[in-house]
Amino acid sequence: MANRAIGARRQEILRAAAELFAAHGFHGVSIEDLGRAVGTSGPALYRHFPGKEALLAAMLLDVSERLAEGGRARVATAPDPATALEELLRGHIAFALNEPALITVHDRELPNVAATDRHRIRRLQRGYLEQWVEVVGRLRPHSRPATLRAAVHATFGLLNSTPHSAGEVAKDEMADLLLTMGRAALLAPR
């Protein structure tokens, strides 16, 4: 029970930090700001993270692991490649619409992560990308892997644009729009 409470508190800190880092930048947020955001003192956060840099690394590792694990689960349970692609798209769209601060933080703050953690994050992201490439490759068997990677990267750019565009359209409508556009981007005839 105590481990579950610690895990929940850690997730609360990560969510609050993502919002603050997205709004003010990594260097614009102090440990005291982070503590205040979760109703504690800044130094109390050291029970969960050795420092602000470690918190940022944990945040970006966590989201990279969740996307990779979620992608593997979606592909493993899909009965066919078309369903697998649909589920990958829906999973990433849900992430993009529900956690736009993490996209912003990743885009701006990854260079502030220590090299060893940055390498782990990039490795997880490459694995996630390759899950998509394999699925799309089964649907477009005559496409070169480099072309498939480029298409998946472009689709991630489309889906990850939500921090800039999602506020003007209802979430369900935006999810449908992104699903239609993502599917078209990946499966457009050549």
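Reader: In which helix do Asp33 and Arg36 lie, and how many residues apart are they?

Author: Happy to start there, and please keep in mind that this model is predicted. An α-helix has 3.6 residues a turn, so residues three or four places apart point the same way. Here, Asp33 and Arg36 both belong to helix H2, residues 31-37, and are three residues apart, about one turn of the helix. Their side chains meet in a salt bridge, with N to O at 2.5 Å.

Reader: How exposed is Asp33, and how exposed is Arg36?

Author: Asp33 is partly exposed, with a relative accessible area of 25%. Arg36, at 57% relative accessibility, counts as exposed because the cut-off for that class is over 50%.

Reader: Which annotation covers residues 30-49?

Author: The UniProt record, an unreviewed entry, gives residues 30-49 as "DNA-binding region". In the model that stretch is 35% helix and 0% strand, with its end C-alpha atoms 14 Å apart. Over residues 7-67 the chain is 67% helix and 0% strand, and the end C-alpha atoms lie 19 Å apart.

Reader: Back to charges, then. How many salt bridges does a search of the whole structure find?

Author: The general idea is that side chains of opposite charge can pair when their charged atoms come close. A search of the whole structure finds eleven salt bridges. One of the pairs is Arg90 with Glu86, whose closest N and O atoms are 3.1 Å apart. Both Arg90 and Glu86 lie in helix H4, four residues apart, about one turn of the helix. Arg90 is partly exposed, its relative accessible area being 42%.

Reader: With which residue does Glu109 form a salt bridge, and is Glu109 buried or exposed?

Author: The partner of Glu109 is Arg108, and their closest N and O atoms are 3.9 Å apart. Glu109 counts as buried because its relative accessibility is 6%, whereas Arg108 is partly exposed at 42%. Elsewhere, salt bridges that share partners join Asp62, Arg66 and Glu99 into one network.

Reader: Glu109 brings me to helix H5. How many of its residues are buried?

Author: Helix H5, residues 100-109, is mostly covered, with seven of its ten residues buried. Those residues are Ala101, Leu102, Ile103, Thr104, Val105, His106 and Glu109.

Reader: Which residues does Met59 touch?

Author: Leaving out residues up to four places away in sequence, Met59 touches Leu14, Ala17, Ala18, Phe21, Leu102 and Val105. Two of those, Leu102 and Val105, are among the buried residues of H5. Met59 itself is in helix H3, residues 52-77, and counts as buried because its relative accessibility is 2%. For a comparison of sequence with space, take Met59 and Gly39: they are 20 residues apart in sequence and 19 Å apart, C-alpha to C-alpha.

Reader: Where is Ser64, and is it buried or exposed?

Author: Ser64 is also in helix H3. It counts as buried, at 5% relative accessibility. Beyond residues up to four places away in sequence, Ser64 touches Ile121, Leu124 and Gln125.

Reader: Now for helix packing. At what angle do helix H4 and helix H6 pack?

Author: Two packed helices are described by the angle between their axes and the distance between the axes. Helix H4, residues 81-98, and helix H6, residues 115-139, pack at an angle of about 145°, with axes 9 Å apart. Their crossing is left-handed. On the H4 side the contact includes Leu85, Leu88 and Leu89, and on the H6 side it includes Tyr128, Gln131 and Trp132. By class, the contact has eleven nonpolar, two polar and one charged residues.

Reader: Which residues does Gln131 touch, and is Gln131 buried or exposed?

Author: Gln131, found in helix H6, touches Ala68, Gly71, Arg72 and Leu88, not counting residues up to four places away in sequence. Gln131 counts as buried because its relative accessibility is 13%, and the cut-off is under 20%. Leu88, one of the residues it touches, is on the H4 side of the contact with H6.

Definitions and conventions. Residues are numbered from 1 along each chain as its sequence is written. This is a predicted model: local features need pLDDT of at least 70, side-chain atom pairs count only at pLDDT 80 or more; totals for chains, interfaces and linings use all residues. Side-chain values use heavy atoms; hydrogens and water are left out. Helices (H or I, at least four residues) and strands (E, at least two) are DSSP runs, numbered from the N terminus. Buried means under 20% relative accessible area, exposed over 50%, partly exposed in between (1.4 Å probe, protein chains only). Contact means heavy atoms within 4.5 Å. Axes are lines fitted to C-alpha atoms, for helices over the stretch in contact, and angles run from 0 to 180 degrees between N-to-C directions. A crossing is left-handed if the near helix is turned anticlockwise from the far one by less than a right angle, and right-handed if clockwise. Ala, Val, Leu, Ile, Met, Phe, Trp, Tyr, Cys and Pro count as nonpolar, Asp, Glu, Lys and Arg as charged, and the others, Gly among them, as polar. UniProt positions are given in the numbering used here, feature names are shortened, and annotations may be inferred rather than shown by experiment. A salt bridge is a side-chain nitrogen of Lys or Arg within 4 Å of a carboxyl oxygen of Asp or Glu.
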